[in-house]
Number of protein chains: 2
Amino acid sequence: VRFINLNYQPVAWLGDRVRLLDQTRLPHEEVYLELTDYRDVASAIKELKVRGAPAIAIAGAYAVALGTRHVQAPSPSAFLEKLNGIISYVAATRPTARNLFAALERLKTVAAGDNSPDAITKSLAAEAIKIHREESAATARISRYGAGLIKAGWTVLTHCDTGPLAAPDYGTALGVIFKACQQGKNIEVLATETRPLLQGARLTMWELQKAGVPGTLIIDSAAGYFMKTGKVDCVITGSDRIAANGDTANKIGTYTLAVLARENNIPFYIAAPASTIDMSLKSGAQIPIEERDPSEVTGIQGVSLAPEGIAAANPAFDVTPHQYITAIVTDKGIVQKPYTTGLKALFREVPAQ
Amino acid sequence: VRFINLNYQPVAWLGDRVRLLDQTRLPHEEVYLELTDYRDVASAIKELKVRGAPAIAIAGAYAVALGTRHVQAPSPSAFLEKLNGIISYVAATRPTARNLFAALERLKTVAAGDNSPDAITKSLAAEAIKIHREESAATARISRYGAGLIKAGWTVLTHCDTGPLAAPDYGTALGVIFKACQQGKNIEVLATETRPLLQGARLTMWELQKAGVPGTLIIDSAAGYFMKTGKVDCVITGSDRIAANGDTANKIGTYTLAVLARENNIPFYIAAPASTIDMSLKSGAQIPIEERDPSEVTGIQGVSLAPEGIAAANPAFDVTPHQYITAIVTDKGIVQKPYTTGLKALFREVPAQ
């Protein structure tokens, strides 16, 4: 059993403020932000200072808890109206990840259960902390379930960043890898850089380095080369939203990896908490795909890469149809085909909170 | 019929020096280098100041012509020995593209046919100019043949840069697109940025902008998203080497595009001069793949993207198995499956020079 340092927190609640590790400054600077205005937390989510579907859900919940503390309202109904405004503001940050909306729904339910603004404010903070704890506990279970799929000596390819930065405390896909390493399995990681915002190069490589797990960085379009030349034993990624049929939205490029994996007979796994699953969507066609600013494509960190005035498109996610997915690892267990019944069973066995 | 400005030359022979448009400075600066030492031309090839399989062949041929002018040798055999040294030096720049080796073979044959160093020096310059003219003429034929495959209203996805910068005068894959536009077909281009060196973002977008052809830049890993959502009518790329069975080496990422195209029932075309075809190789498994410096992956234009001290891998090419290729467009005609007989027939019909 190997010690792996996962001793850092992307989001923390300090009672009257939210502390965020500014992930846009990584890997070169480790800067913590302490925010007292919920709008600043929302901006931080929009600007990817905090990212990863579970971390966004936690930060978003804390943003609401923070915002509620400062609401001045003449009546309980005026208070609730302002609270709903805060929730809508936070919900408008990023459209694709399901976990944020699941967290905000929970806060709405809690708010409806109390009467006085003071009681609601306290309950919301308590619920946000509970969401944080549950998401954290979920990553421990995901990593344990998932590690069973990973064999000693494997090279595992992953995309984007899915470590503790994205999903405290263990991570999702990267958590599975870390757990396999903790179990003493020697694992090598191939990490795609993940253009445009380079979460793989900046964050996954930082997390692997911190954990002491051997990793090699490759450009996104080299993944096929390494799969075809027999260098990859499995692919595992996180997810931002999973439809009831198993179709999975994740960072742009994930669909491509899934197609390449199937073409090369390599297992392709998704690792995500059950809060990522959206049983209200029949298929991935209904998942909204965030379009981000074209400047993320035409430049990198202030360096202009393309001629002035050209057009660029920047979809931030894609949908991997369920048939390409070997298994979905959740905190409630591993789901395999057929996903429609498997995912439904997940929610029957352990009722959602 | 539409006018398209292709009035720029990546390589020119000025009699006693070689002029190169420094492609590493594009798109922001248009800088021409005038080189008198063949080793500087070789360095320019290595550093991708001139790139694209046909342009490399032309620049390499001129480098030899240039180097030969300065050889001091006491005897014809000493002269030939030094000439062979120059050819080997130029050949050692980049291992994957076939066209350079084909050009150098032609120069060796020419050198063997003359006796005096003076005559050889003159013949080599004449042969290099002939190679340049033939490669240029080949692109005109490729673009004409290929344009027949492209329908009005199509969106064409392409990878890396294959315009006149890579293959004077028309380009290969991009030449096909330009020719279709000249024929009055309205075509939209989706250009992948082509990490790590961003030939798509920097060069294809510059060539499209100059030509007035509408293009949209996307990250490499978004190609699958656009294919799957029905936005791509065909994919066309260039090639650096084609084996006798049709297996095709091209810029890293091309294999991935071919797999995605087949998965989405989209035609996938290769456009390349016959000098790219290496009938001595039975399959793509024999094509050497250039591994470039990991710093191209860990940084972009001087900006460090990843933590210090991490490992990165940087294969510059991949091989697309022939079964994924709908057709190979050459200057000698369009070849379809089965490629083994089709490519052989190409060389029977029109004997190689």
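Before we click on anything, one term: a residue is called buried when its relative accessible area is under 20%. Keep in mind, too, that this is a predicted model.

A search of the whole structure turns up 10 aromatic pairs over all chains. We'll visit two of them.

**Stop one.** Select A:Tyr8 and A:Trp206. How far apart are the ring centres of A:Tyr8 and A:Trp206? They are 5.0 Å apart, and the planes meet at 70°, which is over the 60 degrees that edge-to-face needs, so this pair is edge-to-face. Now trace the chain: A:Tyr8 lies in the segment before β1 (11-13) of chain A, while A:Trp206 belongs to helix α7 (residues 199-211), 198 residues apart. Buried or exposed? A:Tyr8 has a relative accessible area of 4%, so it's buried, and A:Trp206, at 6%, counts as buried as well.

**Stop two.** Next, pick A:Tyr255 and A:Tyr324. Here the ring centres are 6.1 Å apart with planes at 85°, so you're looking at an edge-to-face pair. A:Tyr255 is buried at 1% relative accessibility; A:Tyr324 is buried at 9%.

**Stop three.** The charged end of B:Lys228 sits over the ring of A:Tyr255, 5.6 Å from the ring centre.

**Last stop.** Hop over to chain B and select B:Lys251 with B:Phe317. B:Lys251 lies over the face of B:Phe317, 4.8 Å from the centre of the ring.

Technical notes. Residues are numbered from 1 along each chain as its sequence is written. Chains are lettered from A and ligands numbered from 1 in the order in which they are written. This is a predicted model: local features need pLDDT of at least 70, side-chain atom pairs count only at pLDDT 80 or more; totals for chains, interfaces and linings use all residues. Side-chain values use heavy atoms; hydrogens and water are left out. Rings of Phe, Tyr and Trp (its six-membered ring) pair if their centres lie within 6.5 Å; planes under 30 degrees apart count as stacked, over 60 as edge-to-face and the rest as tilted. Helices (H or I, at least four residues) and strands (E, at least two) are DSSP runs, numbered from the N terminus. Buried means under 20% relative accessible area, exposed over 50%, partly exposed in between (1.4 Å probe, protein chains only). A charge sits over a ring if NZ of Lys or CZ of Arg is within 6 Å of the ring centre and within 35 degrees of the ring normal.
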